Amino acid sequence: MANPALTDISFSAPDNCFLALIGHTGSGKSTLIQQINALLKPTAGKITIDDFTITPKTTNADLKPLRRHVGMVFQFPESQLFAETVRQDIAFGPQNFGMSETDALALADQMLETVGLKAEYADRSPFELSGGQMRRVAIAGVLAMQPQVLILDEPTAGLDPQGRQEMMSLFGRLHREQGLSIILVTHQMEDVAQYAEQVAVMRQGRLVKYGSTREIFSDPQWLFENQLEEPIAAQFAQGLSRRGMTWASLPLTAEELADQLASRWPKG
Amino acid sequence: HRLDPRAKLLLSFFYIVLVFMANSLWSYVILIVMTLGAILASKINLGFFLKGIRPLLWLIIFTVVVQMLFSPVGGHTYFHWAFLRVTTLGIITSGVIAIRFLLIIMTSTLLTLTTQPLDIATGLASLMAPLRWVKVPVDTLAMMLSIALRFVPTLMDEAVKIMNAQRARGVDFGEGNLFKQAHSLIPLMIPLFMSAFNRAEDLSIAMEARGYQDSEHRSQYRILTWHHRDTVTWLIFLIGFAAILVFRRW
Amino acid sequence: MDNIIEVKQLTYSYSDHERPALSDISFTVRPGEWLAIVGHNGSGKSTLAKCLDGLLPFTEGTITVGGTELTEDTVWTVREQIGMIFQNPDNQFVGATVEDDVAFGLENRQVPRDKMIPRVRAALEEVGMGDFAQRQPSSLSGGQKQRVALAGIVAITPDILILDEATSMLDPQGRTAMLKLVRQLRENQHLTVISITHDINEAAGADRVLVIDDGKLVEEASPEEIFSKGDQLIALGLDIPFIAKLKAALKARGIVPPTDYQTTAEMEDWLWRSLSNT
Amino acid sequence: MKHDALKTNTLAAVMIALTVALSLLVRIPIAGTNGFVTLCEVGIYTSAILFGNPVGVMVGAGSGFLIDILAGYPVWCLFSLVIHGTQGFAVAYLTPENDKSLKATIFPLIVGSAIMVVGYCLATAFLYGWPAGIASITSNLFQVGFGMVVAVLLVKSLVKFKPSLT
């Protein structure tokens with residue numbers, strides 16, 4: 001290849017992170033997450049995830065435990081469903097990593113509950129479900145591998161607003177309650193503002209900015225130059241700034257904005 | 001080599017017949033000259049042609065050796081053991097086979113490198129046009145081939161995507177014996193087929209919405225034009241053909 | 001002027017389902033209007049769009065398009081007037097190249113080749129894809145493919161454009177570009193637009209919004225009226241507009257915002273006045 | 001009805017594309033030889049069993065033709081069109097419409113496979129002499145055998161969800 005898909009990317013994310021990866025279509029986001037899951041190996045450089053290290057020389061046999069450790073939910077993951085029943089499909093991953101069939105099937109039922117589907121779906125064929133339900137089954141199939149890191153590639157694409165909201169709050173819960181590290185690839189700045197703790201911005205195969213969500217969104221000029229949208233709350237707050245309002249810190253969500261407004265609301 | 005794809009298709013078909021008909025030293029000389037002439041006219045680096053030969057090398061050597069050892073008695077016998085013998089006739093036959101291999105591979109490479117698959121499909125459909133008279137739905141078939149070609153890259157991308165998704169779920173593609181491999185393909189193939197069914201359904205609805213009724217009552221945007229150079233090439237080939245007939249040993 | 005589309009008591013059932021996908025739907029569309037149809041996934045809104053184009057054989061009710069009642073005999077006359085764009089950009093791209101795809105609808109209408117060539121070119125220029133005529137679909141982004149689909153519709157000059165979640169698989173840039181283009185085409189070609197969507201920006205641009213739930217037409221109103229519903233919107237298959245979210249958040253903190261619909265600017269005004277009113 | 005003809009044709013076209021895509025993408029080497037198995041048969045057999053004719057013959061002929069053109073053996077494309085077309089036709093023709101079980105499909109599959117192996121043997125012998133023809137048999141046997149196994153497994157799962165063409 002003449003042009004590397006990714007060039008000179010260095011960053012480190014803390015344990016138990018919620019990292020959003022943003023940038024335009026074709027900026028290298030998908031390539032980067034496939035590196036983290038070792039579906040692609042770097043041509044130069046090194047990736048360390050907990051106890052695992054990926055270098056250009058890593059062999060496939062070394063990668064299998066890593067793939068269990070880092071779960072990957074691809075775009076439109078419902079297209080990976082194949083088994084005869086929902087339960088078998090969810091149990092497929094864990095069995096590939098050596099779990100016994102009985103344990104895997106029991107785990108599948110548990111995961112079905114985690115993603116908010118009724119137990120009666122377990123014996124149905126995944127192809128009889130609605131698109132949104134199929135997506136939950138696919139996500140349950142990845143969660144069933146009990147990964148410590150979960151990579152999500154535009155997990156809400158194509159869902160209706162209700163489906164999107166439910167899906168994002170599921171990930172928020174997994175992160176908070178089970179301590180899962182999450183890497184979220186998304187175009188939805190509202191989701192970034194609401195859920196992410198760190199943000200990495202990609203552009204033309206390079207990492208152009210990495211920082212906390214607040215740092216990234218605190219520079220409207222830079223966002224504009226990089227054709228990235230600001231969260232609507234931040235845009236709205238800036239409208240008030242132009243009239244002379246000052247903010248302790250720029251609000252990124254409706255809740256944050258309301259907090260700051262309430263704190264200075266005239267009494268009575 | 002900007003010939004009309006129809007000319008190219010006909011020529012290569014014709015070429016197979018020629019290779020089959022040629023059976024004398026002179027006829028092969030003519031064929032080789034014609035092939036080399038075509039290659040030179042295409043201005044394509046010879047290295048490409050050698051690359052085309054490499055994967056088939058093993059088959060060529062096998063065929064040549066077997067042909068040499070098992071050939072019928074004829075001419076001088078150089079070597080004889082049990083039913084294996086190497087004779088003059090055997091050496092000549094195997095030499096001829098080797099040349100046939102090389103010629104056909106070179107022609108194939110030439111055609112592949114100079115013609116878009118879509119043009120070949122359009123060309124084929126256009127050549128089949130007379131079959132309309134015997135009620136073969138030529139236009140429908142042409143439309144289908146064109147749609148099939150259009151969807152090949154889409155489905156290849158999708159196959160790679162699903163393969164990656166299943167690898168991330170711990171499937172090892174390309175490992176183990178054939179039966180194991182057959183088994184590991186199921187998680188790839190079922191989603192692919194399901195998706196293909198959906199695409200076909202969407203596609204038929206979209207085509208209908210865009211006013212498609214049947215392929216016979218349509219006008220054509222993409223057309224092929226037969227140029228003088230097509231005629232000239234044909235003439236050269238016809239002369240060659242005649243020459244081969246002349247030199248053929250009856 | 002007469003209505004360009006009239007739907008009366010339309011009911012449709014898929015053969016493998018017990019409940020009808022659409023039941024007893026009636027509405028009209030005025031020429032030049034932009035109508036948004038919203039509803040959550042599975043509500044039946046895409047089925048409705050397919051019925052309008054005669055792509056599904058409904059048995060009960062009538063659909064009249066441009067004065068022609070849709071029947072098995074008139075279906076091609078009706079389709080002449082309608083251009084339709086579907087959700088998945090890949091599954092509606094028929095041609096081997098961009099120009100072949102734009103020409104597809106013209107070929108179906110047996111337009112002679114010498115007339116097709118300028119029309120294909122003009123249509124591609126109109127959607128800003130003039131430089132891509134020879135490109136193959138696999139080298140285009142989803143947004144570009146949808147623009148080619150729009151060019152295919154521009155080329156056949158219909159009166160009505162139906163967008164069946166046409167932007168839902170695009171990234172935000174692709175979506176914004178597509179909407180801008182639809183607005184521009186609507187001006188230039190005097191199109192009536194029916195857009196089936198979840199996208200709040202797309203719905204906001206409409207003159208009127210129909211809400212479909214569970215196969216029934218449950219509401220017909222202006223975008224402002226619909227957006228004033230706040231929390232209920234999400235059940236209808238639309239996002240909650242930011243202003244509604246902000247109002248809810250303020251209310252939870254004991255601040256009472258005005259209850260009627262407000263634009264962003266109006267809300268900003270109100271907040272500024274309230275805060276500086278000390 | 002016209003509508004159904006369009007459905008059948010688009011389905012056949014997409015199945016051709018799928019068969020071609022798989023054949024170009026997945027090549028499984030046969031241990032101990034230089035040959036490899038492609039998934040061409042998987043696509044043809046599965047389509048032929050699930051949908052009968054005309055889809056079977058169209059997928060066979062169309063994919064045979066296009067694979068050779070795209071993979072760089074255009075001289076073979078007309079042979080492949082005929083051989084794979086006949087193969088697809090035979091499997092589709094011999095498979096009962098209402099029974100896609102292993103028992104009902106094994107005979108059609110064997111006939112189809114025999115057509116392919118013998119067909120290519122003859123075509124190769126025609127072009128390159130009989131030793132090459134015989135040499136083709138082994139690798140083609142692997143190819144059809146593999147195709148049959150995968151197709152049978154696929155049909156078992158897909159038969160419930162195949163689109164109906166009537």
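The model is predicted: local features need pLDDT of at least 70 and side-chain atom pairs count only at pLDDT 80 or more, while totals for chains, interfaces and linings use all residues. Residues are numbered from 1 along each chain as its sequence is written, chains are lettered from A and ligands numbered from 1 in the order in which they are written, and side-chain values use heavy atoms, without hydrogens and water.

**Chain B**

Chain B has 9 helices and 2 strands (DSSP runs of H or I, at least four residues, and of E, at least two, numbered from the N terminus). Their order from the N terminus is α-α-α-α-β-β-α-α-α-α-α. Of its 250 residues, 51% count as buried, that is, under 20% relative accessible area with a 1.4 Å probe and protein chains only. Of the contacts (heavy atoms within 4.5 Å) in chain B between residues at least 6 apart in sequence, 69% join residues at least 24 apart.

Helix H6 (residues 117-127) of chain B and helix H3 (residues 55-71) of chain D have axes that come within 10 Å and cross at roughly 140°. Axes are lines fitted to C-alpha atoms, for helices over the stretch in contact, with angles from 0 to 180 degrees between N-to-C directions. H6(B) is therefore oblique to H3(D); angles under 35 degrees count as roughly parallel, over 145 as roughly antiparallel, 65 to 115 as roughly perpendicular and the rest as oblique. H6(B) contributes B:Pro117, B:Ile120, B:Ala121 and B:Leu124 to the contact, and H3(D) contributes D:Phe65, D:Ile69 and D:Leu70.

**Chain C helices**

The expected span is 1.5 Å times one less than the number of residues.

| Helix | Residues | Expected span | End-to-end C-alpha distance |
|---|---|---|---|
| H5(C) | 142-156, 15 residues | 21 Å | 22 Å |

H5(C) is mostly covered, with 13 of its 15 residues buried. Just after H5(C), C:Thr157 takes a positive phi of about 40°. The buried residues of H6(C) include C:Met178, C:Leu179, C:Val182 and C:Arg186. Just after H6(C), C:His190 has a positive phi of about 55°.

C:Glu202 lies in helix H7 (residues 200-204) of chain C and is buried, at a relative accessible area of 2%. Beyond its neighbours within four places in sequence, C:Glu202 contacts C:Trp34, C:Leu163, C:Thr167, C:Leu179, C:Ser195, C:Ile196 and C:Thr197.

How values were computed. Buried < 20%, exposed > 50% of the residue type's maximum accessible area, 1.4 Å probe, protein only.
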